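Visitor: I am new to this one and would like a short tour. Could we look at it together?

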Amino acid sequence: TLPLSYTDNSFLFNYNRVQGFFLGWEIPKKITGKYRFLSIHGFGGYGFSEKTWRYEIGADRWFFNQTDYRFEVGAKAYDLTDTKDTWLLTPCENTVSSLVLHRDYQDFYRRNGYEVHASQNLSIFFKGTLAYRNVDYSSLSNHTNWALFGKRDFRLNPMIEDGNMRSLFAELYFDNRNDIENPSRGWFAKLQMESSTSKLKSDFSFNQYLFELRRYQPLGRHERLDMRVKVATSEGDVPLQKRYHLGGVGTLRGYKYKTIDGGSVYGGDRMLLANVEYYLDPRSWGGDFLFFDDLNYILFFDVGRIWNRADVTDNDSWSAGFSDMGLNDLKSDIGIAFTTWEGKARLSIAK
């Protein structure tokens, strides 16, 4: 749940339609010694098209055993050009797409505020977190339309619901994968809940719940089955910046980006998503044919749906709306993909 080995300071380079080129420097959160119980971390940088400095600074103090049963308290303050779309693709992938292909797949907003939190490691893999957040959200617009290739324009960055959001956040997190970036075995599970109400003097009033489960299962020396299930629901009036979207890279790959349910910028407050991938290494059949033996082959299937509870029922509970969703309402696709052995690059074709 936290890197245990030394991590170098990181140079940051990103490009998107809101910030343009962003250059910065990061000091990552890390454990650096047996008797060191304080970590100062964060980053700072400048968006040249947005003409704005962005930063995050945090401090965390942990107690007891640093690895197995670490108890941690901390705080951080930030002013970010942020996105909720990093689970679809990484900032590095989005930078390459924006800079080279003239396609920016992430949507952005300003998030300015602070957070205080406490967490407890129940093992080296399992952690629970509680946090209080006080954040001002505001909309951002495009500031550049330049890319190396492609004559198309960047799509407009969508508006959000501006205001001050004060919320309580809770998370249970388990991760025993053998590699975070390119796992080949292990489990990943996450249960999150966030509540923002007028009792906290927040401009918003909603409860949001998310559950995600992944399994990376070896089937033999050169075969693997990867599976993911992601379910999200809510209560109350969920603001635009907290709603869900599906379609395209990272979700349902046979559909265009965020086009499930007509591609509405409003998204939905309910989500179901499942992905299954079967990996096959050509070394399993001992072939030797040009460069094709240097690739991994993947068969995949995606299924899911986004919808709004108010469209199907008047009951405003976290479980409302799911019983009204039938199999015929789900969207699905099937496809094949090719990756390098290291899994750093992939070509996916889906129908």
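Visitor: Is V100 buried or exposed, or something in between?
Guide: V100 counts as partly exposed, because its relative accessibility is 28%. Buried means under 20% relative accessible area and exposed over 50%, with partly exposed in between, using a 1.4 Å probe and protein chains only. This is a predicted model, in which local features need pLDDT of at least 70 and side-chain atom pairs count only at pLDDT 80 or more, while totals for chains, interfaces and linings use all residues. Residues are numbered from 1 along each chain as its sequence is written, and side-chain values use heavy atoms, with hydrogens and water left out.

Visitor: Where is V100 placed?
Guide: V100 belongs to helix α1, residues 91-101. Helices (H or I, at least four residues) and strands (E, at least two) are DSSP runs numbered from the N terminus.

Visitor: And what is V100 in contact with, neighbours within four places aside?
Guide: V100 is in contact with L148 and F149, where contact means heavy atoms within 4.5 Å. The C-alpha atoms of V100 and L148 are 5.1 Å apart, although 48 residues separate the two in sequence.

Visitor: Let us change topic. Which residues make up the largest nonpolar core?
Guide: That core has 10 residues: Y78, L80, Y109, V135, Y137, I160, M165, F204, F206 and V238. A nonpolar core is a set of buried Ala, Val, Leu, Ile, Met, Phe, Trp, Tyr and Cys residues joined through side-chain atoms within 4.5 Å. Another core, of 9 residues, lies apart from it and includes L210, A232, Y244 and L252.

Visitor: What does V135 touch, leaving out residues up to four places away?
Guide: V135 touches Y78, R111, N112, G113, G163, N164 and M165.

Visitor: Now the rings. How many aromatic pairs are there?
Guide: The whole structure holds 17 aromatic pairs. Rings of Phe, Tyr and Trp (its six-membered ring) pair if their centres lie within 6.5 Å; planes under 30 degrees apart count as stacked, over 60 as edge-to-face and the rest as tilted.

Visitor: Why is the pair of Y15 and F21 called tilted?
Guide: The planes of Y15 and F21 stand at 50°, with centres 4.6 Å apart, so the pair is tilted. Y15 is buried at a relative accessible area of 1%, whereas F21 is partly exposed at 30%. F13, Y15, F21 and W146 form one aromatic cluster.

Visitor: Which charged end sits over the ring of W87?
Guide: The charged end of K230 does, 3.6 Å from the ring centre. The criterion is NZ of Lys or CZ of Arg within 6 Å of the ring centre and within 35 degrees of the ring normal. R214 likewise has its charged end over the ring of F188, 4.6 Å from the centre.

Visitor: Last topic: how many salt bridges does the search find?
Guide: The search finds 24 salt bridges, each being a side-chain nitrogen of Lys or Arg within 4 Å of a carboxyl oxygen of Asp or Glu. In one of them, D60 meets K29, with the closest N and O atoms 3.8 Å apart. This pair links distant parts of the chain, 31 residues apart: D60 in strand β4 (residues 52-63) and K29 in the loop between β2 (20-27) and β3 (38-47).

Visitor: Which residues are linked in a network of salt bridges?
Guide: The network links R17, D85, D104, D107, R155 and K258.
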